[in-house]
2 protein chains.
Amino acid sequence: MPTPSVSIPTIGVFDSGVGGLTVLRALLDRVPDANYLYFGDTARLPYGSKSAATVAHYTVGAVRYLQEQGAELLVIACNTATALALDDVKRAAGVEVIGVIEPGAEAATLVSKNRKVVVIGTEATVSSHAYRHALEARKIAVREKACPLFVPLVEEGWVEHPVTEQVARIYLSEAFSKEARDADVLLLGCTHYPLIKPLLRQVTPEHVAIVDSAESTAQEVARRLESWTMGKTKPPLASTTRAGSAPHLRFFATDSAEKFRAMGTRFLGLSVEDVLHVDLKE
Amino acid sequence: MPTPSVSIPTIGVFDSGVGGLTVLRALLDRVPDANYLYFGDTARLPYGSKSAATVAHYTVGAVRYLQEQGAELLVIACNTATALALDDVKRAAGVEVIGVIEPGAEAATLVSKNRKVVVIGTEATVSSHAYRHALEARKIAVREKACPLFVPLVEEGWVEHPVTEQVARIYLSEAFSKEARDADVLLLGCTHYPLIKPLLRQVTPEHVAIVDSAESTAQEVARRLESWTMGKTKPPLASTTRAGSAPHLRFFATDSAEKFRAMGTRFLGLSVEDVLHVDLKE
């Protein structure tokens, strides 16, 4: 009988912190029959203020570690690392690598009827214009809006809080003003935002669809795995599934394992237990 | 006639970012007759999530740079660096070093009548318990309260905003609850907070005095310089003053000089011009 690590894929998920756990959560829904290794570079976050070279260096180091632990497919669940380091990671990895930006842009393109999308994200993501480029390449008009207070509000745990609602109303009324008034998609370009999706739904104009990069990325991973099991591409994976058994989750954090466990449980919506502190050389 | 660098002191101010500019602003009021060198380690912030060894390593590197530029007195205008690295900096520097925690704790002690103080700061500062230790050593009872949303609210520029007022009411009602109800001092243990001091004054109970670490640190610097000019301690400095002339300000930032200029001007309340990008080796 084959061991689980042979019969089901091992997926490595990388983020600078805990935000990428919303991508892991979407993956657990879409691809429950997998082993997951999650790496949070919590000691060196935020990546947003770092140079492209530094972000690439850190990200490549982390995904190498994930590969040493057995990852056969890599998900860069970090907008900054995807924007600044995806090509470097692809060159270094030698396995398939999926970032969060292309799947998000693709999903928004499919949903938008009038080809006008509002993207919200951190200051760093918006300044990189990575979503703008991905959407404009698909002939979609884009309004980008930085929402720097959403991450700290989510980290404070105020996901259904009147303050967060008030902040969201201010940000979104700016985002959907003037030439973006008739945009019909709101693209969540930050891994923290799925936690306030119900609140954002309340304050977003009714005709606007909300597209979530985390969810879109999980769909893309599911598609890639399907193509593997259909024998279209490498690597050859058995199609055996572990019906009914819980997926195997392991976590690696460069800052305190205890802090990761506490914050991570909130982001994943599941108890985060098996956390190993990792010290990567600079 | 002596050159300015001989006749007036050159003071090096260090912070992980722009927050320490509130300390520089207080210094400009208290000690206008000085040259100032400000170092913001903006590429490597925040220090709060880093190990003590890393913070000490970065801080020592930065103050060495300030000394190479001529700093004769060093101000560590960063709560995390003061909490984790002040002793290392003192050992490495060979000149006088003043942190923000002791002056803040001392000022709060002098002001508090019933010897009960509420300290607010970032999660990292509160977790370090540096203010608690400094105040308890002075027989002051302490309530520490982390206010993680204040920094992003200030950085968003919402210093007189209804959202910030609402957040402040929530934090302060928690801070002054139960056994801290009769505390009579609110100690601002974060360099960002002086920018919302007028708003905090509005929502803090009337009987409570607000003590600001930035202001207290500037007072301490003024006292040290007085003792120099009175010949009590080294180094020998001429007491010549440059009445009427603007103090000479130079800034060094490890991230983009342009970003530092834009954000810095808001924090300093003066135009930040002479910014040099510095790349320190790890």
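## Salt bridges and the chain interface

In chain B, the side chains of B:Arg138 and B:Glu102 come together in a salt bridge, with 2.6 Å from N to O. B:Arg138 sits in the loop between α7 (130-136) and β6 (141-146) of chain B, while B:Glu102 belongs to helix α5 (residues 101-111) of chain B, so this pair ties together parts that are 36 residues apart in sequence. Keep in mind throughout that this is a predicted model.

B:Glu102, at 42% relative accessibility, counts as partly exposed.

A second bridge in chain B joins the side chains of B:Asp182 and B:Lys116, at 3.1 Å from N to O. This pair also links distant parts of the chain: B:Asp182 is in the loop between α9 and β7 (185-188) of chain B, B:Lys116 is in strand β5 (residues 116-121) of chain B, and they are 66 residues apart. B:Asp182 is partly exposed at 37% relative accessibility, and B:Lys116 is partly exposed too, at 23%.

Over in chain A, salt bridges that share partners join A:Glu96, A:Glu220, A:Arg223 and A:Arg224 into one network.

Then there's B:Arg44 with B:Asp41, whose side chains meet in a salt bridge at 2.9 Å, N to O. Both of these residues are buried.

| Residue | Partner | N to O distance |
|---|---|---|
| B:Arg138 | B:Glu102 | 2.6 Å |
| B:Asp182 | B:Lys116 | 3.1 Å |
| B:Arg44 | B:Asp41 | 2.9 Å |

Over all chains, the count comes to 34 salt bridges.

On the chain B side that touches chain A, the elements giving two or more residues are α8 (150-155) and α9 (162-175) of chain B. The largest share, six residues, comes from α9(B). Sort the residues on that side by type and you get 13 nonpolar, four polar and four charged.

As for the extent of the interface, 21 residues of chain B are in contact with 21 residues of chain A. Between them the two chains bury about 1,700 Å², with 61% of it on carbon and sulfur atoms. Why can we say that the copies meet through the same surface? Because 100% of the interface residues of chain B are also interface residues in chain A.

Now for the symmetry. Chain B superposes on chain A by a rotation of 180 degrees with 0.0 Å of shift along its axis, at an RMSD of 0.0 Å. The two copies are therefore related as by a two-fold rotation axis. In chain B, the C-alpha nearest that axis belongs to B:Val163, 3.3 Å away from it.

One last stop is A:Asp212, which lies in strand β8 (residues 209-212) of chain A. A:Asp212 has 9% relative accessibility, so it counts as buried. Leaving out residues up to four places away in sequence, A:Asp212 touches A:Leu188, A:Pro194 and A:Lys197.

Methods. Residues numbered from 1 in each chain as written. Chains lettered and ligands numbered in written order. Predicted model: local features only at pLDDT ≥ 70, side-chain atom pairs only at ≥ 80, totals over all residues. Heavy atoms only, no water. Helix = DSSP H or I, 4+ residues; strand = E, 2+ residues; numbered from the N terminus. Buried < 20%, exposed > 50% of the residue type's maximum accessible area, 1.4 Å probe, protein only. Contact = heavy atoms within 4.5 Å. Least-squares fit on C-alpha atoms with pLDDT ≥ 70 in both. Buried area = accessible area lost by both parts, 1.4 Å probe. Nonpolar A, V, L, I, M, F, W, Y, C, P; charged D, E, K, R; others polar. Salt bridge = Lys/Arg side-chain N within 4 Å of Asp/Glu carboxyl O.
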